[in-house]
Amino acid sequence: MKKPICICIFSLFAAGGIKAQDRTSNPLLLQTWNLSKMDTYIYTYEKKDGFEARKEGIRFQKNGKITGNLIKSTLRYDTVEEPVTKSEKPDRYIGNWKKASDSTVTLVFPSNTNMTGTFVISKLTENQLKLKKVFSADIEKKLDSIRKTKNITD
């Protein structure tokens with residue numbers, strides 16, 4: 001009788017300790033990230049101590065605030081194409097972020113729509129953050145056809 005009760009109690013504690021991987025509550029997220037690569041609305045960031053002068057980046061803060069080192073927004077949020085602006089220097093923008101699910105965050109920059117939207121955290125390690133922008137179904141379908149022609153599994 002004691003053996004089944006012990007097994008049952010142990011199982012309850014083991015099941016209670018297992019939870020979905022919650023990337024948005026992960027302390028690794030709360031750092032400064034500089035953009036290293038962007039490929040069809042998949043943003044790959046590297047952890048840095050601060051923003052680099054000519055690179056875009058974001059800094060998540062515990063209080064729900066986010067600082068962005070971003071290029072000035074020239075297009076509206078839901079467009080598929082982005083202008084190529086290599087010579088433009090990023091400016092600082094203050095916004096808010098919140099957890100949308102265990103692996104999704106919503107970023108809002110009131111004065112810059114480049115990084116406003118919902119993003120899936122597809123990779124979060126000590127040195128790398130990978131965000132995928134989420135769009136409406138019809139835009140996602142267009143982007144998927146573009147992604148199929150590129151190797152984005154890195």
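## The nonpolar core

A nonpolar core is a set of buried Ala, Val, Leu, Ile, Met, Phe, Trp, Tyr and Cys residues joined through side-chain atoms within 4.5 Å. In this predicted model, the largest such core has 24 residues, and those touching the most other members are Y45, F60, L107 and L129. Strand 7 contributes three residues to this core, the most of any element.

The surroundings of L129 illustrate how parts of the chain come together. Leaving aside residues up to four places away in sequence, L129 touches L29, W33, Y43, T44, Y45, I58, F60, I121, K123 and L124. Two of these partners, Y45 and F60, are also among the core residues that touch the most other members.

## Overall architecture

The chain contains two helices and eight strands. Read from the N terminus, the order of elements is α-β-β-β-β-β-β-β-β-α. The eight strands form a closed barrel in the order 1-2-8-7-6-5-4-3, and their pairing is antiparallel. On average, and ignoring direction, neighbouring strands of this sheet are turned by 35° against each other.

As a general principle, the strands of a sheet pair through backbone hydrogen bonds, in either a parallel or an antiparallel manner.

## Pairing between strands

Strand 1, residues 32-39, pairs with strand 3, residues 57-60, in the antiparallel sense over three bridges. Within this pairing, T32 has R59 of strand 3 as its bridge partner.

Strand 6 covers residues 104-108 and strand 7 covers residues 117-124; these two run antiparallel and are joined by four bridges. V105 has F119 of strand 7 as its bridge partner. Strand 7 is also joined to strand 8, residues 128-134, by six bridges, again in the antiparallel sense. Here the bridge partner of V120 is K132 in strand 8. Strands 7 and 8 form a hairpin, with three residues between them.

## A residue of strand 2

Y43 belongs to strand 2, which spans residues 42-48. Is Y43 buried or exposed? Its relative accessibility is 3%, and because this value lies under the 20% cut-off, Y43 counts as buried.

Y43 and K132 are 89 residues apart along the chain, yet their C-alpha atoms are separated by 6.3 Å. Y43 is also one of the residues that L129 touches.

## Burial, contacts and surface

The chain has 154 residues, of which 34% count as buried. Among contacts between residues at least 6 apart in sequence, 51% join residues at least 24 apart. The chain exposes about 9,700 Å², and carbon and sulfur atoms supply 57% of this area.

## Confidence in the model

The mean pLDDT of the chain is 79, and 71% of its residues reach 70 or more. Confidence is lowest in helix 1, residues 2-17, with a mean of 51, whereas it is highest in strand 3, with a mean of 96.

Two stretches call for particular attention. Over residues 14-20, pLDDT stays under 50, and the model has one contact beyond four places in sequence for this stretch. Over residues 76-84, pLDDT is likewise below 50, but the model has 23 contacts for this stretch beyond near neighbours in sequence. Where pLDDT is low, the predicted coordinates should not be read in detail.

How values were computed. Residues are numbered from 1 along each chain as its sequence is written. This is a predicted model: local features need pLDDT of at least 70, side-chain atom pairs count only at pLDDT 80 or more; totals for chains, interfaces and linings use all residues. Side-chain values use heavy atoms; hydrogens and water are left out. Two strands pair if DSSP finds at least two bridges between them. Axes are lines fitted to C-alpha atoms, for helices over the stretch in contact, and angles run from 0 to 180 degrees between N-to-C directions. Buried means under 20% relative accessible area, exposed over 50%, partly exposed in between (1.4 Å probe, protein chains only). Contact means heavy atoms within 4.5 Å. Accessible areas come from the Shrake-Rupley method with a 1.4 Å probe; for residues, only the protein chains shown count as cover. pLDDT is the predictor's confidence in each residue, from 0 to 100.
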